[in-house]
Amino acid sequence: MAGLKDATAIVGIGQTPFAKRLDEDERTLACRAVLAALDDAGIAPDEVDALASYTMEETDEVELAKAVGFGDLTFFSKVGYGGGGSCATVAHLAGAIATGQASVGVAWRSRKRGSGPRPWRNTNVQLPTPAQWTRPYGLLRPVDEIAMLARRYMHEFGATRDHLFNVALACRNRANQNPDALMYDRPLTREMYMTSRWISEPLCLFDNCLETDGALACVVVSRERARDCRHAPVYVHSAAQGLPAQHHGMVNYWNDDPLTGPAWTAARQLWKHADFTPQDVDVAQIYDAFTALIPLSLEGYGFCGRGEGGAFTEGGALEIGGRLPLNTSGGGLSEAYVHGFNLINEGVKQLRGTGTAQVPGAATCLVTAGEGVPTSALLLRS
């Protein structure tokens, strides 16, 4: 890992519009996002020789390479576990470039989750083994599984719905500053939150991420190549993946403590190879498929002590000017939910100084992937 520190940089980012329904198919959206990222970097498509995405990505490397016009590819990978793989796509490219396997890498995610089917509605396929311990007993959706963890967290540490509201409000406030966000013109109040319908108690409508059609991409190159690109480089300072012993996706049934999830494992590796600490992070893009994941992640990544994640959100801590400005584009809760890739791109914008809700002087950023599943994380710096 020491050899990866600041050896590569993100030099291009791109995205399509976000919507509940887009007419174009996922491959076309992927191509548009990738071309936008390459244009942002000032790099021609035929210079790309490495790709990384998610195992859940429907557009494969062959289709994308032909459609966009890549050259010979010498590295390609896909990362599993849905949103847990977002940051790992960049980490895989960074490793490949730092070790000489490739020179220009593209990571992407294209998804039509807004207009497409819900993955769990197909009852004709045999359940994977982990789901056989949950779905027959009523935990049909990810929200049901995270709701159980949230209830346990509230019971054990005294966290309240007001703490979850603080998360939802911070993300919505930032989306209200972002014209690209789905919730740009839709403010959130405490009354709206507290009176909204349950999705899976104790999680209400506003505790859940959006259902979105859209695509995003980023371009990774070596530190040396980055100096010649169109924008100031954003360096990949540290990267990690985490899958704890005896893990069971979402519910953590077999862990000694189900509330210390994959974030704790990833964080130990992430900070081990970093030159700064959680206290030095200027802005954080923390995976927010559900509000309850934020206090769990705040603890896992070392911003507060065990059981203190709820209280950490108090007093405007997650707002601009607070202790840890959070998800400054609106995140999955209020900008768009594309398996967390918008968090990567927003981290780049913040360190470029071009965010719609810019944190003054931001020079370091934590980006995390999905908590509750095998996960990944990045430390970025300008």
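Predicted model: local features only at pLDDT ≥ 70, side-chain atom pairs only at ≥ 80, totals over all residues.

Reader: Why is L22 called buried?

Author: The relative accessibility of L22 is 17%, and buried means under 20%, so L22 counts as buried. Leaving aside residues up to four places away in sequence, L22 touches T16, P17, L29, K112, D213 and G214.

Reader: What makes W271 and F276 an aromatic pair that is edge-to-face?

Author: The ring centres of W271 and F276 lie 6.4 Å apart, and rings pair if their centres lie within 6.5 Å; the angle between the planes is 75°, and over 60 degrees counts as edge-to-face, so both parts of the label follow. W271 is buried, with a relative accessible area of 16%, and F276 also counts as buried, at 11% relative accessibility.

Reader: Why does the pair of Y287 and Y337 tie together parts that are apart in sequence?

Author: Y287 and Y337 form an edge-to-face pair, 6.0 Å centre to centre with 75° between the planes. Y287 lies in the loop between β9 (283-285) and α9 (293-300), while Y337 lies in the loop between α11 (331-334) and α12 (341-352), so the pair ties together parts that are 50 residues apart in sequence.

Reader: How do you know that Y287 is buried?

Author: The relative accessible area of Y287 is 5%, and buried means under 20%, so Y287 is buried.

Note on methods:
Residues numbered from 1 in each chain as written. Heavy atoms only, no water. Buried < 20%, exposed > 50% of the residue type's maximum accessible area, 1.4 Å probe, protein only. Contact = heavy atoms within 4.5 Å. Phe/Tyr/Trp six-rings, centres within 6.5 Å; stacked < 30°, edge-to-face > 60°. Helix = DSSP H or I, 4+ residues; strand = E, 2+ residues; numbered from the N terminus.
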